[in-house]
Amino acid sequence: MNFLDNDNKYLRAKERVAEVKKFYTSLISYLFVISFLAALNYYVNEWHYAWFLWAAFGWGIGLVFHAIKAFELNPFFGKGWEERKIREYMEEDNGRNKWE
């Protein structure tokens, strides 16, 4: 049982690392693309109308949600919530079967 436990922990940790890596890749892409758009916006109209901010704001919202998912910052379904609920339902099911 210990081997399976360690294997599951390893797989969960590996998935989490992959999710954090995807977030940082998205963040770097965001910084490069928004910087390019800002430079282009300055070149075209010297920021008389800062249209690049629309792209920065839209993509930034998506990036915030990606960070919440990658770093498990969700206050409603926080760290370990899913595992606690699974255990709770399993115990509830065991209790129900005990008396039937």
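Me: Buried means under 20% relative accessible area, exposed means over 50%, and partly exposed lies in between, with a 1.4 Å probe and protein chains only. As what does phenylalanine 71 count?

Reply: Phenylalanine 71 counts as partly exposed, because its relative accessibility is 27%. Please note that this is a predicted model, in which local features need pLDDT of at least 70 and side-chain atom pairs count only at pLDDT 80 or more, while totals for chains, interfaces and linings use all residues. Residues are numbered from 1 along each chain as its sequence is written, and side-chain values use heavy atoms, with hydrogens and water left out.

Me: Where is phenylalanine 71 in the chain?

Reply: Phenylalanine 71 sits in the loop between H2 and helix H3 (81-99). Helices here are DSSP runs (H or I, at least four residues) and strands are runs of E (at least two), numbered from the N terminus.

Me: And what is phenylalanine 71 in contact with?

Reply: Apart from neighbours within four places in sequence, it touches Arg16, Val20, Phe23 and Tyr24; contact means heavy atoms within 4.5 Å. The C-alpha atoms of phenylalanine 71 and valine 17 are separated by 9.8 Å, although these residues are 54 apart along the chain. Phe71 also belongs to one aromatic cluster with Phe23 and Tyr24.

Me: How many aromatic pairs does the structure hold?

Reply: It holds 6 aromatic pairs. Rings of Phe, Tyr and Trp (its six-membered ring) pair if their centres lie within 6.5 Å; planes under 30 degrees apart count as stacked, over 60 as edge-to-face, and the rest as tilted.

Me: Why is the pair of tyrosine 30 and tryptophan 59 edge-to-face?

Reply: The pair is edge-to-face because the ring planes stand at 85°, with the centres 5.4 Å apart. The pair links distant parts of the chain, as tyrosine 30 lies in helix H1 (residues 2-45) and tryptophan 59 in helix H2 (residues 52-70), 29 residues apart. Tyrosine 30 is buried at a relative accessible area of 16%, whereas tryptophan 59 is partly exposed at 33%.

Me: What about tryptophan 47 and phenylalanine 52?

Reply: Those two form a tilted aromatic pair, with 6.2 Å from centre to centre and 35° between the planes. Tryptophan 47 is partly exposed, with a relative accessible area of 44%, while phenylalanine 52 is buried at 13% relative accessibility.

Me: Changing topic: which residues make up the largest nonpolar core?

Reply: The largest nonpolar core has 11 residues, namely Val20, Phe23, Tyr30, Ile34, Leu37, Ala38, Phe52, Ala56, Leu63, Ala67 and Ala70. H1 and H2 each supply at least two of the residues in this core, and H1 gives the most, with 6. A nonpolar core is a set of buried Ala, Val, Leu, Ile, Met, Phe, Trp, Tyr and Cys residues joined through side-chain atoms within 4.5 Å.

Me: What is alanine 56 in contact with?

Reply: Beyond its neighbours within four places in sequence, alanine 56 is in contact with Tyr30 and Ile34.

Me: Which residues of H2 are buried?

Reply: They are Phe52, Ala56, Gly60, Leu63, Ala67 and Ala70.

Me: And how far apart are the end C-alpha atoms of H2?

Reply: They are 26 Å apart, which agrees with the 27 Å that its 19 residues should span at 1.5 Å a residue. The expected span of a helix is 1.5 Å times one less than its number of residues.

Me: What comes just after H2?

Reply: Glutamate 72 takes a positive phi of about 50° there. This residue is found in the loop between H2 and H3 and is partly exposed at 37% relative accessibility. Glutamate 46 also has a positive phi, near 50°, and is a residue other than glycine; glutamate 46 lies in the loop between H1 and H2.

Me: Now the whole protein: how many helices and strands?

Reply: There are 3 helices and 0 strands, and the pattern along the sequence is α-α-α.

Me: What is its radius of gyration?

Reply: The protein has 22 Å, whereas a compact globule of 100 residues would have a value near 13 Å. The radius is taken over C-alpha atoms, and the globule rule is 2.2 Å times the number of residues to the power 0.38. The C-alpha atoms fill a box of roughly 75 × 30 × 15 Å along the principal axes. Buried residues make up 15% of the 100 residues.
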